[in-house]
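Okay, thanks everyone for coming. Let me put the model up on the screen, and then we'll walk through how its parts meet.

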Number of protein chains: 4
Amino acid sequence: MQRFHRIGILGKPDDPEVAETITRIADHLARSGRTVTLGSDVVEIAADLPRLPRGELAEQMDLIIVVGGDGTLLHAARSLAEHDVPILGVNRGRLGFLVDVSPGNLSEIDAVLAGELIEDSRMLLDAEIQAEGEIVSRGTALNDVVLHKWNTARMIEFDIYVDGELLNSHRSDGLIISTPTGSTAYAMAGGGPIMHPDVNAIALVPICPHTLSIRPLVLSADSTVEITVSPDAFEHIRLSCDGQEDLGMVNGGRIVIRKRPHKVMLVHPPQYRYFEILRAKLRWGDTNLG
Amino acid sequence: MQRFHRIGILGKPDDPEVAETITRIADHLARSGRTVTLGSDVVEIAADLPRLPRGELAEQMDLIIVVGGDGTLLHAARSLAEHDVPILGVNRGRLGFLVDVSPGNLSEIDAVLAGELIEDSRMLLDAEIQAEGEIVSRGTALNDVVLHKWNTARMIEFDIYVDGELLNSHRSDGLIISTPTGSTAYAMAGGGPIMHPDVNAIALVPICPHTLSIRPLVLSADSTVEITVSPDAFEHIRLSCDGQEDLGMVNGGRIVIRKRPHKVMLVHPPQYRYFEILRAKLRWGDTNLG
Amino acid sequence: MQRFHRIGILGKPDDPEVAETITRIADHLARSGRTVTLGSDVVEIAADLPRLPRGELAEQMDLIIVVGGDGTLLHAARSLAEHDVPILGVNRGRLGFLVDVSPGNLSEIDAVLAGELIEDSRMLLDAEIQAEGEIVSRGTALNDVVLHKWNTARMIEFDIYVDGELLNSHRSDGLIISTPTGSTAYAMAGGGPIMHPDVNAIALVPICPHTLSIRPLVLSADSTVEITVSPDAFEHIRLSCDGQEDLGMVNGGRIVIRKRPHKVMLVHPPQYRYFEILRAKLRWGDTNLG
Amino acid sequence: MQRFHRIGILGKPDDPEVAETITRIADHLARSGRTVTLGSDVVEIAADLPRLPRGELAEQMDLIIVVGGDGTLLHAARSLAEHDVPILGVNRGRLGFLVDVSPGNLSEIDAVLAGELIEDSRMLLDAEIQAEGEIVSRGTALNDVVLHKWNTARMIEFDIYVDGELLNSHRSDGLIISTPTGSTAYAMAGGGPIMHPDVNAIALVPICPHTLSIRPLVLSADSTVEITVSPDAFEHIRLSCDGQEDLGMVNGGRIVIRKRPHKVMLVHPPQYRYFEILRAKLRWGDTNLG
């Protein structure tokens, strides 16, 4: 009995390159006797394959292949976060941090399907906005939850609490709460450290802080981070998950961020090495200085 | 039966302020019926108290009070690392990250002695230099193990491996391998993040890297970090622990850094808050910009 | 004949502390036989003094005293930029980079009025948005012109040209074009260098750039900086001067930033030292690390 | 009458690749009727060409071609600093900031020889160590003068004065005083800004400062920078020019750094663009983040 028999495919909508790659992968999988089902929002392809909404896909499939960029995989991972189905990321020709399989490399996919794979579970964050004891809105993030200023050229002010204790009162352009996965994304642009996916930690990375000795802070991922915003400031603050999903903010709202109890499972071909991807993506082989 | 009856005191040698504080604490402890023993290298004080070398002190005492700056406590912690005795840090008037009790505050000490305390176990690092399968030299660090250039104005080159896999080939002025405790010390001057003591992580912070996309890297503290240096470079490299202890480097030597199996136990008065010390030491209340 | 006989006063509106300081200064000036005129938007004070709009004030006065914070002085300097009148900044008790005279120190003001002063001319920037050969909007800045993202959680993209040559294509949260005066303000939060007011330079400081090797860039202040934005991005971009004044952006608009031909003249008491203010504001006397 | 008739060639000694390039260039120049003279320390090549020491070469030649890396050109520029001869940098296959002509591109050299060139004058720094009114040692730098710690794992302390006024008391691993040319070299590894060669400025870039609000400082290049070191610290401090030349430090010595009155003249082919080299060397075309 094969571990991976029923394969779902998700991909960036409206991208002809993605259509081409999905067609090739679907053909290949069909030839090896596997059943292939597409997500309902996948780009139109020639083959007449069954389609299912993401939720049903996640429930019924043994593996989801995501074709696109890191952003496509972030979106897929969040939408599959309720389920236990593993995810394999295939890029469109340009290596990603998360979509590490190149589209031409069907042997890498074969290896994974044959069970020669590296399992790589990644933490997610849950973000809630609470007001008067109710949850007003919520979201999930694989990379980061970002508090950022909105509709203003000025800095914003807010208080950060960790497990109920005041960390500090913050005056800045915002704050990135990042998972290890997100540490090579926006958090890095903000000056945050790289965090290996094995570390059970989150990073709080300030954006343009007005206090010069404020630095990125690495906390245990078991910490609860709460942020309160003064009543007159809430209109100039937004909360977003992975830069893709916005949570509505309300006056008097309190932001609560916690590690999600369940992780998402990425799978990689056996030759995958995290540090190798870092070196390739960040061009660590180069010496820049004269 | 008191938990803390036999109290050892260590302190910065040759510091009259420290002598004054030790005298006051020793008097106070004696009045409460406790026995007080000084470390043999403690500064001369008026009272004629028994003295013991650090090792015996650590074995026979229930608590060691260290009087001085953070540097004094680092030194004490390393020398007591073989033992299980808890350490209380008393400063000389200027708050430290580790010596958080102020010298005038005997009630804070009383609270700790009465068992109203916060236990705060801190990870240590073991560093070894190996050559031809033998350990050439070794050291222990509470803050950091630092690989730094020596006798040269030029950058140094070395390869870093994490759990046997290449991280990168490094061209820089050096590398700081920091514990959470060390993250507010030298690693911070190098641009590293603050790491909460509860995080089971170490940070690799490059010093003036010649590749601009190299960033501080946070790894699981269960990782083994190995560094190899090219034969012609070893004369221009030194390894130090906490900036206080130097390890001899040899040609062909391989540096191995691991978390020490045992932690050191700091104790604090009940009102101790880690974030409060960060805010005070780093002056997070100030907004610097115009 | 006195150089400074007719004194204008500007100040933060609606601030009772400012009212109190202005009253004291105005009384003092009147006693020394000088004429005092207030800006029309100055906070209500007890004394019945003549008032004039800023433009007329600038034309008719020998000196303008500005009472408030650095933000108040920024606003005043921009509104007086057409004129040659010198400006003296008085703070409300908290030292600013620009408002360096403390409110209680009337002898410092007396020294300046007696001609014992340090002249400190500061460059301004002119920013224009051009479309189809026309100037759509324009603004002036003493600190900085900031291109920032607006109403989006995502990065923005734009091309920067210096004196007609491409510098780079930028993917970031924005760009700060800063004068030396602005180098200790928002540009510093973005990681820019401090620039001494005597340097004829501007700095381009990227905000959270997605290319890790992008660094702040110091250019001759005689350079013309042009920025073009792709048509679909213009709705998510705003341009602001000193964080106080917003320029309307239009589709197809081209941003042009140049040094303003005329400088603004700040005057300081004779004991003013630029480095002393840096040390005080940035707390350079402290050593933060443990 | 040709502007560039007598051509001198300098190059990295002991480098066979450099020998090959010099041979090709010398042949090419001879065919066009120019006289070619080698520096006396140039690597052995097949052709029997006259050789002269650097000083005489600089006096008698119309142009000096330097073949090697940026380090080779730095060395050449310092040794020719007394003279007015222009310098053309040819690399060994890898683009440098200063050696921008590729070795295979003889047409670029021809263009320069025909007078189609870009003149690019670069500031140099003079560094002196003075003691008891005497100059103990001196050096010249095209990139940077670096004060760095020597043979110690600890930070060093020194006071910096600018035009006779205290800037600050510094606790760090050292200080880089950089020209615009040096701003893309070691200063950049220390977090300094890029400075365009047209800016008449120098940057003071601290190395691992123990005060977190200390930032790189850009000063007018007409400033005189003086550094004093406490008597017990001088053994742990060294001063180097361009990382290539060391100045002897003495107890009680005072370091004085000034812009050199004369500049060095680099020449480039007509298609040279400074920003293009920045983009290529720093790989600004890449977006690193996920």
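Let me start with a term: when I say salt bridge, I'm talking about a side-chain nitrogen of Lys or Arg within 4 Å of a carboxyl oxygen of Asp or Glu. By that rule, the count between chain A and chain B is two salt bridges. One of them is Glu165(A) with Arg273(B), where the closest N and O atoms are 3.2 Å apart.

Quick housekeeping before I go on. This is a predicted model, so local features need pLDDT of at least 70 and side-chain atom pairs count only at pLDDT 80 or more, while totals for chains, interfaces and linings use all residues. Residues are numbered from 1 along each chain as its sequence is written, chains are lettered from A and ligands numbered from 1 in the order in which they are written, and side-chain values use heavy atoms, with hydrogens and water left out.

How many residues does each chain put into the contact? It's 35 from chain A and 35 from chain B, with contact meaning heavy atoms within 4.5 Å. The two chains bury about 3,400 Å² between them, and carbon and sulfur atoms account for 62% of it. Buried area here is the accessible area, with a 1.4 Å probe, that two parts lose on being put together, summed over both. On the chain A side, Arg215(A), Phe275(A) and Trp284(A) supply 18% of the area buried against chain B, more than any other three residues.

Polar contacts next. Across the interface of chain A and chain B the rule finds 18 residue pairs, both at pLDDT 80 or more. The rule wants a pair of N or O atoms within 3.5 Å; within protein, one must be able to donate a hydrogen and the other to accept it, and residues adjacent in sequence count only if both atoms are side-chain atoms.

Which elements of chain A supply at least two residues each to the side that touches chain B? Those are strand E11 (165–172), strand E13 (194–195), strand E15 (217–220) and H6. E11(A) gives the most, with five residues. Helices (H or I, at least four residues) and strands (E, at least two) are DSSP runs, numbered from the N terminus. By class, that side of chain A divides into 20 nonpolar, eight polar and seven charged residues. For the classes, Ala, Val, Leu, Ile, Met, Phe, Trp, Tyr, Cys and Pro count as nonpolar, Asp, Glu, Lys and Arg as charged, and the others, Gly among them, as polar.

Now the symmetry. A rotation of 180° with 0.0 Å of shift along its axis superposes chain A on chain B, with an RMSD of 0.0 Å. The two copies are thus related as by a two-fold rotation axis. That superposition is by least squares on the C-alpha atoms of residues with pLDDT of at least 70 in both. Of the residues of chain A, Pro193(A) comes closest to the axis, at 3.2 Å for its C-alpha. And 100% of the interface residues of chain A are also interface residues in chain B, so the copies meet through the same surface.

On to chains B and D. Here 22 residues of chain B are in contact with 22 residues of chain D, and the pair buries about 1,700 Å², 64% of it on carbon and sulfur atoms. The salt bridge count is zero, and four residue pairs are in polar contact, both at pLDDT 80 or more. On the chain B side, strand E9 (144–149) and helix H5 (186–189) give two or more residues each, and H5(B) gives the most, with three. That side has ten nonpolar, eight polar and four charged residues.

Last stop, inside chain A. About 1,500 Å² is buried between the domains of chain A, with 68% from carbon and sulfur atoms. Two salt bridges are counted between them, and the side chains of Arg78(A) and Glu245(A) meet in a salt bridge at 2.9 Å, N to O.
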